[in-house]
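Dear colleague,

Please find below the structure that I am handing over to you. My notes on it follow directly after.

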Amino acid sequence: MIRTEILSTAGDYVTRDRAATHGRAEDGFAAIAQVWDALDAARGDRPRSVLDVALYMAGLKLVRAATNPAHADNWVDLAGYAACGGEIATGGSE
């Protein structure tokens with residue numbers, strides 16, 4: 001794809017029925033910010049790490065699953081972030 005195709009596709013994604021799938025962007029972003037604030041508080045002064053990225057992305061998917069529990073992609077992505085984070089945390093690899 002070239003950049004104009006990418007931008008056109010992105011425009012389609014954010015202007016179609018995205019609100020029907022995920023709710024209003026403003027509401028979702030506010031809920032995600034609350035989850036991330038809670039993760040920040042739990043992390044304390046420890047610097048953010050690659051493991052935290054997996055946690056924060058899982059938090060995003062938790063909010064998405066809460067707004068639309070029937071959307072399977074949310075559950076698949078949530079499991080994927082947990083699996084990746086768990087693998088990194090335990091030193092496992094494929």
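**Overall fold**

Along the sequence, the protein reads α-α-α-α-α. Its secondary structure amounts to five helices and zero strands, where helices (H or I, at least four residues) and strands (E, at least two) are DSSP runs numbered from the N terminus. The radius of gyration, taken over C-alpha atoms, is 16 Å, well over the 12 Å that the globule rule gives for 94 residues, so the protein is more spread out than a compact globule. That rule is 2.2 Å times the number of residues to the power 0.38. The C-alpha trace spans about 40 × 30 × 25 Å along its principal axes.

This is a predicted model, in which local features need pLDDT of at least 70 and side-chain atom pairs count only at pLDDT 80 or more, while totals for chains, interfaces and linings use all residues. Residues are numbered from 1 along each chain as its sequence is written, and side-chain values use heavy atoms, with hydrogens and water left out.

Of the 94 residues, 20% count as buried, meaning under 20% relative accessible area (1.4 Å probe, protein chains only). Aspartate 52, which lies in helix 4 (residues 50-67), is buried, with a relative accessible area of 4%. Leaving aside residues up to four places away in sequence, Aspartate 52 touches Arg43, Arg46 and Pro47, a contact being heavy atoms within 4.5 Å. Among contacts in the protein between residues at least 6 apart in sequence, 47% join residues at least 24 apart.

Yours sincerely

Technical notes
Buried < 20%, exposed > 50% of the residue type's maximum accessible area, 1.4 Å probe, protein only.
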